[in-house]
Amino acid sequence: MVYRLRYTLIILLFLVNGYNLSGQINLDDFSIALIGNNTGVEQISESTMKAYFKGKYNKWPNNKTVIVVLSSSKHPKVELYSDLLYNKSFYAVKKYWYSLVFQGRNNPPYFFSSDQEIIEFVRLNPGAIAIVEKSSKIPENLKIQINE
Amino acid sequence: MKQIKNVLNKQILKPIIWCFFLVVFSSSLHSQNMSARLNAYGHLNFESVFSDTTYSNFSLGEQELFINAKFNDDFSFLGEITLNYSGHGNYRLNIERLRLKYNYYRNHSIIIGKFHTPVNYWNDVYFHARLFFPTIDRPLMFSKWIPVHTFGMRLQGQNIGKNNFGYDLLLGSGMSSEDIYSVFNEPSVTAAVHWKPVDEMRYGLSYYYTSMDDASNMAAHSHGGDDHSMNMYSGPLDFHMLNASVAYFGEKWEFLNEFSFNRTETDTLGASNNVSNFIYLGRRFLEKNVAFTGFDILYTGENDLHTYPYDRMKFILGYKYEYSEKLNVKAQVEYYTNVYDDHSHNHALGPKFEFKIQMSYGL
């Protein structure tokens, strides 16, 4: 009885840990970088970063308005980026934002079809935040480090 | 009491609102980076009704323009205008929302203008665009007592803390006036809170109060359904309302429960307790398909002089297909019946079946 209980607990522990591990997607594993312009933030946790992308915060600590920049349907990595940031398909991400904007709770995000377009938009707009591939040409002043 | 109301309206609230408008416009004039986006929403309806008489209609539903603009980092604007068929080739134009928002600190804002009264999830999240509705129709309570719009001032906070707590505190016009011209004749107070423990879920509670001088004057009930009748009682009435919402729209399952209780008080017939509940359950499959069912019930007391005695139940079975996030079609079968079959409520409407198809879109 004791052994059975022990085995059950070990299996449960494995399942719980396995579930948690599969739920954590590290941007670094996919060679993805976080970029932002004049956000007042140089380091950020992954959960806080996702909260910004989900429109949960309107402003950065320096009082700049948060501008969410996302990949459009023509972007080659659109499904990966959507999964990393929202754990949803791009279709579900569009629905999510469409509803938020209609409620008047958030300003709409900006969508671009390549990493270079995203970087250029972020470079020109203070408060903008986006993710791009690390291999892209990213100006040093736009890089934000993600803490584990 | 009336003198206090007038002092409050004329000497305190109106000057504050005018000052706010002036600040907003002077600020926007100096702004270099104003941005605006325009969207349009609409729907087409087909319905067949099987009751004592049977008929079918194919109609152009509500069409609307939605504008969202940002003056600068702190000030934004939202406008919503609808166009409704009003018979004989005529259309009625309504300003549904027109509001200026000042984001004064992090996730805290002050909003003035005309907006959807944040009494429940449906009114706060969907109201006009059928594209977002989980079912074809609104819950029954909307055609009877939900104050859809309010013109006034609102303090709003959202996504505060770990559980994404939000609040709305609103002082504005009552049910007799939801527009600019007769604002604050009969003020209303709304206090609402909500929290989102996970992304897809939202719990909400609200309290609404208004005191009416003439209960027959119901501007906020302009969205009445075909069962709605004019209120014949033109005396004073106090209206208290409590609402509770639970919403979950996940990847596979969708659930929404809207509960509403109100108590009306008149010198003529005393207090009446009225209640309504709408429940929706949907199952999403293959990403763009949703099969759903729902149950809606509404019951008012015999001595109610706001809604008048009324009882109704509605069963819903439907299917939604989303061609894209901006175009969907819903088909729905509805069965209406009365709560009491013994005619103890002398307003029995009898059972009826309805079959509806709705195509809704956003551009």
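Tutor: Two strands count as paired if DSSP finds at least two bridges between them, and the elements themselves are DSSP runs numbered from the N terminus, a helix being H or I over at least four residues and a strand being E over at least two. The model before you is predicted, with local features needing pLDDT of at least 70 and side-chain atom pairs counting only at pLDDT 80 or more, while totals for chains, interfaces and linings use all residues. Residues are numbered from 1 along each chain as its sequence is written, and chains are lettered from A and ligands numbered from 1 in the order in which they are written.

Student: In which sense do strand 6 and strand 7 of chain B pair?

Tutor: Strands of a sheet pair through backbone hydrogen bonds, either parallel or antiparallel. Here strand 6 of chain B and strand 7 of chain B (residues 165-173) are antiparallel, with 7 bridges between them, and in this pairing G157(B) has Y167(B) of strand 7 opposite. The two strands make a hairpin with 4 residues between them, and in its turn G161(B) has a positive phi of about 75 degrees. Strand 7 of chain B also runs antiparallel to strand 8 of chain B (residues 187-195), to which 9 bridges join it, and D168(B) finds its bridge partner there in A192(B).

Student: Turning to chain A, how many helices and strands does its secondary structure come to?

Tutor: Chain A has 5 helices and 6 strands, which follow one another from the N terminus as α-β-β-α-β-α-α-β-α-β-β.

Student: What is the order of the strands in the sheet of chain A?

Tutor: The 6 strands form an open sheet in the order 2-6-1-5-3-4, and the pairing is mixed. Because strand 2 and strand 4 of chain A each have a single partner strand, they stand at the edges, and one side of each is left without a neighbour in the sheet. From one strand to the next, the twist averages 35 degrees, where axes are lines fitted to C-alpha atoms (for helices over the stretch in contact) and angles run from 0 to 180 degrees between N-to-C directions. Within this sheet, strand 1 and strand 5 of chain A run antiparallel and are joined by 5 bridges, with L34(A) standing opposite I131(A) of strand 5.

Student: Which strands of chain A does helix 3 touch?

Tutor: Two residues are in contact if their C-beta atoms, placed from the backbone, lie within 7 Å. Helix 3 of chain A packs on the sheet and touches strand 1, strand 3 and strand 5, its direction making about 125 degrees with that of strand 5. Helix 5 of chain A, for its part, lies across strand 1, strand 3, strand 4 and strand 5, and runs at about 155 degrees to strand 5.

Student: Which residues of helix 5 of chain A are buried?

Tutor: A residue is called buried if 20 or more other C-beta atoms lie within 10 Å of its own, exposed if 12 or fewer do, and partly exposed in between, with C-beta atoms placed from the backbone. In helix 5 of chain A (residues 115-124), the buried residues are D115(A), I118(A), I119(A) and V122(A). They lie on the same side of helix 5 because they cover an arc of only 95 degrees around the axis, the arc being that of the directions from the helix axis to the C-beta atoms. Q116(A), E120(A) and L124(A), on the other side, are exposed.

Student: And which residues of helix 2 of chain A are buried?

Tutor: In helix 2 of chain A (residues 46-53) they are M49(A), Y52(A) and F53(A). Seen down the axis, these buried residues fall within an arc of 100 degrees, so they line one face of helix 2. Just after helix 2, G55(A) takes a positive phi of about 80 degrees.

Student: At what angle do the axes of helix 3 and helix 4 of chain A cross?

Tutor: The axes of helix 3 and helix 4 (residues 90-102) of chain A cross at roughly 60 degrees and come within 8 Å. That angle makes helix 3 oblique to helix 4 of chain A, given that angles under 35 degrees count as roughly parallel, over 145 as roughly antiparallel, 65 to 115 as roughly perpendicular and the rest as oblique. Where they meet, V78(A), E79(A), S82(A) and Y86(A) of helix 3 face F90(A), V93(A) and Y96(A) of helix 4.

Student: Finally, how many residues of chain B are in contact with chain A?

Tutor: On chain B, 21 residues are in contact with 20 residues of chain A. Strand 2 of chain B gives the largest share of the side of chain B that touches chain A, with 3 residues.
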